[in-house]
Amino acid sequence: MASQVLTGQSNLTYTNSSEQNVRLVINFLSVSNATMTWSGTYGTVNLTIPAATIGKDIAYAAKGSTDGSYSQRTGTIGQDVPGLPTELALSTGDTFAISGFFDHDTGGYNIVVIPEAG
């Protein structure tokens, strides 16, 4: 199986139907009022996401003052948003899903699925 890129702006469900483990890498995910779920042999994890933008290598800056200068944004992650993974390993039959609201101007996802055998 070759690597697979999942991209979109609507709910996503991915089931590992290969005969090997895969690595799921979240390069970009921007959602609000969403749920991230992954499940497999040993149980299910459900994370509620009020609003978040995450990714493997995301740079971030926000205009934080009325004079237009940039400042560090603080106090967001950890208060209302749980720690969110940017990489997961899935066994054969395991599933990963994201459901919620994707702003069509700024929201969506870009996820790559990499098979264990390369």
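Let us start with charge: this predicted model holds two salt bridges. In general, side chains of opposite charge can pair when their charged atoms come close. One of the two bridges joins Arg23 to Glu87, with 3.7 Å between the closest N and O atoms. This pair links distant parts of the chain, since Arg23 sits in strand β3 and Glu87 in strand β7, 64 residues apart.

Glu87 also has a salt bridge with Lys56, and here the closest N and O atoms are 2.9 Å apart. Lys56 belongs to the loop between β4 and β5 (62–63) while Glu87 lies in β7, so this pair ties together parts that are 31 residues apart in sequence. Through their shared partners, the salt bridges join Arg23, Lys56 and Glu87 into one network. How exposed are its members? Arg23 has a relative accessible area of 37%, so it counts as partly exposed. Lys56 is partly exposed too, with a value of 37%, and Glu87 is partly exposed at 33%.

From these charged side chains we can turn to the nonpolar ones. The largest nonpolar core has 24 residues, and those touching the most other members are Leu24, Ile26, Leu29, Met36, Phe96, Ile98 and Ile111. Strands β2, β3 (22–40), β4 (43–54), β7 (87–90), β8 (95–101) and β9 (108–115) each give two or more residues to this core. Which of them gives the largest share? That is β3, with eight residues.

Setting aside residues up to four places away in sequence, Ile111 touches Gln4, Val5, Leu6, Leu12, Leu24, Val25, Ile26, Phe96 and Ile98.

Now follow β3 to Ser30, which is found in this strand. Is Ser30 buried or exposed? Its relative accessibility is 10%, below the 20% cut-off, so Ser30 counts as buried. Beyond its neighbours within four places in sequence, Ser30 is in contact with Ala52, Thr53, Phe102, Thr106, Gly107 and Gly108. The C-alpha atoms of Ser30 and Ala52 are separated by 5.7 Å, although the two residues are 22 residues apart along the chain.

Asn33 has a positive phi, near 50°.

Phe102, one of the contacts of Ser30, leads us to another feature. The structure holds one aromatic pair. The partners are Phe102 and Tyr109, whose ring centres are 5.9 Å apart; their planes meet at 65°, so the pair is edge-to-face. Both Phe102 and Tyr109 are buried.

Finally, a word on confidence. The protein has an average pLDDT of 83, and 81% of the residues score at least 70. Where pLDDT is low, the predicted coordinates should not be read in detail.

Note on methods: Residues numbered from 1 in each chain as written. Predicted model: local features only at pLDDT ≥ 70, side-chain atom pairs only at ≥ 80, totals over all residues. Heavy atoms only, no water. pLDDT = per-residue confidence, 0-100. Phe/Tyr/Trp six-rings, centres within 6.5 Å; stacked < 30°, edge-to-face > 60°. Buried < 20%, exposed > 50% of the residue type's maximum accessible area, 1.4 Å probe, protein only. Core = buried A, V, L, I, M, F, W, Y, C linked by side-chain atoms within 4.5 Å. Helix = DSSP H or I, 4+ residues; strand = E, 2+ residues; numbered from the N terminus. Contact = heavy atoms within 4.5 Å. Salt bridge = Lys/Arg side-chain N within 4 Å of Asp/Glu carboxyl O.
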